[in-house]
Amino acid sequence: LKNKTFFYFFQICLTILFNIIISSSVIFAHDCISFSQAESVLKGFPNKPITEIESTLTLEEAYCAQDKLNYLIKKKFNDKVGYKVGFTGKTLQKFFDINTPAIGTIYNHMFLPNDSEISQDFGYRTMIEPDLLVVVKSKEIMKAKTKIDILKNISSIHPFVEIPALRYKKEKKVNGNMLVAANMLATYMVMAEGIQIDANEKGVKTLANLKTVFLDKDNNIIQTANTGNLMGNPLNVLQWLINHLKSKDMSLKEGDKISLGSVGKLFPLSKNIYKYYFEGFEAEKHTVKITVK
């Protein structure tokens, strides 16, 4: 009897152990970088190339890596202010070989005052990217069913420039998943004073057809681009973000800043004075200006 009892107990133990091993295998199959690797990525911010993230990472693994990185950033700074949505234009999706928008987290310590100065070599492979940013008026935006509903829950719309460090070596082929893993390269950013657009059909059309202008120190045009490049309308980007956050049981709240992505191209940062605005609005109030030395 004792032998039988021991035999059954042994069988049960083996079954439990087997299930644990199988479960662990499933977990590890979707694992990503370790916390020590995430610490190394953060420690090298923004002037050392990332070597811990490989091009073979799946999108799921990339978000896993991003979560670990953001956990460490929050632990260090605890100043999250919102999200950035990337790959919202076909140009960057094609360039980085990714077929979906993706998000990263942005923090207050990343924001520079408008009309600031920054060194060209502040980081590894520095870039500049004209974007658009909105500030959320209410958590009710999560219940929005139409573009007008979304617009009602936006308090302001801002000309916005990101100044990221593309922290991968030039010889390394970089894809979108690698950028997701690196928190979408959120580095430094500058926003101008915001504008208001009425929450009606006219406002929806206006937001889809803003002409953005990006200039150098001599007022030469570097780029003009239309906000319709952002998934047809920046409000479509916000709808995508709302749906994405809901799928993760996450929510937007009042005051959140949301970068909606590049309206055109990403440019290498050079010594210059950059200016960026939306055509048709008072330039002096609503222009991003950043001096690069």
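The sections below take up the basis of the model, then the helix, then the pockets.

## Basis

The model is predicted, so local features need pLDDT of at least 70 and side-chain atom pairs count only at pLDDT 80 or more, while totals for chains, interfaces and linings use all residues. Residues are numbered from 1 along each chain as its sequence is written, and side-chain values use heavy atoms, with hydrogens and water left out.

## Helix 2

Helix 2 (residues 35-43) has Ala38, Val41 and Leu42 as its buried residues (under 20% relative accessible area, 1.4 Å probe, protein chains only). Helices are DSSP runs of H or I with at least four residues, strands runs of E with at least two, numbered from the N terminus. Because the buried residues fall within an arc of 95° seen down the helix axis, they line one face of helix 2; the arc is taken from the directions from the axis to the C-beta atoms. Helix 3 (59-77) is among what covers these residues, by contact of heavy atoms within 4.5 Å.

## Largest pocket

A pocket is an open set of points on a 1 Å grid over the protein atoms alone, where a 1.4 Å probe fits, with protein on both sides within 12 Å along at least five of seven lines; lining residues have an atom within 4 Å of a point.

The largest pocket holds about 400 Å³ of space. Of its 18 lining residues, Gln66, Asp67, Asn70, Thr105 and Met250 lie nearest the centre. Helix 3 gives the most to this lining, nine residues.

## Second largest pocket

About 230 Å³ lies in the second largest pocket. Its lining has 14 residues, with Phe95, Phe96, Arg125, Met127 and Leu166 nearest the centre.

Technical notes:
Buried means under 20% relative accessible area, exposed over 50%, partly exposed in between (1.4 Å probe, protein chains only). Grid points are joined across faces, edges and corners, and a volume is the space filled by probe spheres set on the points.
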